[in-house]
Amino acid sequence: MKPDAQARLLEIARILRRRTAVQNLLPDLAKPLLSAVPADGVRFDLGDETGKLWCRIVRPGQEPERPGLGGVSAIRSKESLSHSEENGVHSISVPLGIGDPNGRIVLKRKSGPFTGEEVEILQAAAD
């Protein structure tokens, strides 16, 4: 992993240590993540202790927004890294946490598939 990517991961860790509502952290988290792995936006899917799913989409320069109803699938206990391509839009879904996933991040972009180095950066950020 390149030193600049490692610096961005340290920035993400610093942001996550702040004591504030998760929704207030998302724009700040998206900046280093999207600068390390270019994408059109990132979706944060977070599970709570009651099993409900909380989701927000963050695009550069915009406030976080909720996805449409039915647009997000439930988090499975066997969640794994997955790639997809639909109508020229490449997507990658990375489970959050080690062991049983308690969320995922989903990045989408039109500029091409995600490289092995970008996947490594995303997995490190998710862990």
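In helix H3 (residues 116–126), the buried residues are Glu-118, Val-119, Ile-121, Leu-122 and Ala-126. Viewed down the axis of H3, these residues fall within an arc of 160 degrees, so they line one face of the helix. An α-helix has 3.6 residues a turn, so residues three or four places apart point the same way. The structure is a predicted model.

Strand S4 contains His-90. His-90 has a relative accessible area of 17% and is buried, because the cut-off for burial is under 20%. Leaving aside residues up to four places away in sequence, His-90 touches Ser-84, Glu-85, Leu-107, Lys-108, Arg-109, Gly-112, Pro-113 and Phe-114.

The largest pocket holds about 370 Å³ of space. It is lined by 15 residues, and Leu-16, Leu-29, Phe-44, Leu-46 and Leu-96 are the closest to its centre. H1, H2, strand S1 (41–47) and H3 each give two or more residues to this lining. H2 gives the most, with five residues. The lining comprises 13 nonpolar, one polar and one charged residues.

The second largest pocket has a volume of about 320 Å³. Its lining has 19 residues, of which Arg-43, Ser-84, Ser-91, Ser-93 and Val-106 lie nearest the centre. Here the elements that give two or more residues are S3, S4 and S5. S3 provides the largest share, five residues. By class, this lining has four nonpolar, eight polar and seven charged residues.

Conventions. Residues numbered from 1 in each chain as written. Predicted model: local features only at pLDDT ≥ 70, side-chain atom pairs only at ≥ 80, totals over all residues. Heavy atoms only, no water. Buried < 20%, exposed > 50% of the residue type's maximum accessible area, 1.4 Å probe, protein only. Helix = DSSP H or I, 4+ residues; strand = E, 2+ residues; numbered from the N terminus. Arc of directions from axis to C-beta. Contact = heavy atoms within 4.5 Å. 1 Å grid on protein atoms, 1.4 Å probe; cavity = no way out; pocket = protein on both sides within 12 Å on 5 of 7 lines; lining within 4 Å. Points joined across faces, edges and corners; volume = space filled by probe spheres on them. Nonpolar A, V, L, I, M, F, W, Y, C, P; charged D, E, K, R; others polar.
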